[in-house]
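Thanks for coming. I will take a few minutes on one structure, so please have a look at it first.

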Amino acid sequence: FAADVPAGLDAVRALHLYEEPADQLVTGLKFHGTLACGRVMGILLARHLLAQQLRMPQALVPMPLHASRHRERGFNQAAVIATHVARRTGVWLDPALLQRVRATAPQTSLGASERRRNCEGAFAVPAGRRVPGRVALLDDVMTTGSTAAAAAGALRAAGARHVELWVCAVALARG
């Protein structure tokens with residue numbers, strides 16, 4: 001599936017549209033804690049990426065949750081999926097390369113410009129961390145790409161030259 005590439009990203013690799021059955025896998029993992037859904041999404045995404053014979057990145061970074069959201073949910077859904085993708089693609093998984101340093105409002109009820117503002121300054125690379133030149137961010141769903149663009153900006157500011165986004169699903173704006 002080809003998705004629009006938000007500013008700040010070099011590519012978006014998406015497995016599905018955010019519709020049935022992908023939406024059920026995402027919500028099963030994210031809101032019901034069904035880890036098997038993350039395994040299925042990770043395996044399918046890895047197969048999809050490997051079939052494209054892409055130049056693989058040097059690091060795979062799951063989209064970080066703020067500590068308060070992580071405590072609330074009990075896990076990071078992107079990290080669950082990324083574990084399975086990394087295991088099957090051989091890409092180095094580095095969940096500590098990027099941190100969410102500011103809590104943000106849930107994006108689901110926000111418009112595109114509100115999403116951009118909501119994510120400004122939300123991400124940082126820890127001091128002293130060396131960032132590889134080629135990085136893939138991994139998230140469950142991309143809607144406007146605002147979160148990924150903000151995360152990519154932090155990675156680029158710390159030295160990444162190529163940042164792409166790997167997602168299980170893309171939510172198309174409803175007109």
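Predicted model: local features only at pLDDT ≥ 70, side-chain atom pairs only at ≥ 80, totals over all residues.

Residues are numbered from 1 along each chain as its sequence is written, and side-chain values use heavy atoms, with hydrogens and water left out.

The layout, then. The protein chain has six helices and six strands; helices (H or I, at least four residues) and strands (E, at least two) are DSSP runs, numbered from the N terminus. In order from the N terminus, the elements read β-α-α-β-α-α-β-α-β-β-α-β. Of the 175 residues in the protein chain, 48% are buried, where buried means under 20% relative accessible area with a 1.4 Å probe, protein chains only. Contact here means heavy atoms within 4.5 Å. Among contacts between residues at least 6 apart in sequence, 77% join residues at least 24 apart.

Next, the core. A nonpolar core is a set of buried Ala, Val, Leu, Ile, Met, Phe, Trp, Tyr and Cys residues joined through side-chain atoms within 4.5 Å. The largest one has 50 residues, and L60, L98, L137, L138, L155 and W166 touch the most other members. Elements giving two or more residues to this core include β1 (11-17), β2 (59-62) and β5 (134-142). Which element gives the largest share? That is β6, with seven residues. As for L60, beyond four places in sequence its partners include A82, V85, L138 and W166.

Now one residue. L45 lies in helix α2, and L45 counts as buried because its relative accessibility is 0%. Leaving aside neighbours within four places in sequence, L45 is in contact with L15, V85, L138, W166, V167 and C168. L45 and W166 are 121 residues apart along the chain, yet their C-alpha atoms are separated by 8.2 Å.

Last, the helix pair. α1 and α2 pack at an angle of about 135°, their axes 7 Å apart; axes are lines fitted to C-alpha atoms over the stretch in contact, and angles run from 0 to 180 degrees between N-to-C directions.
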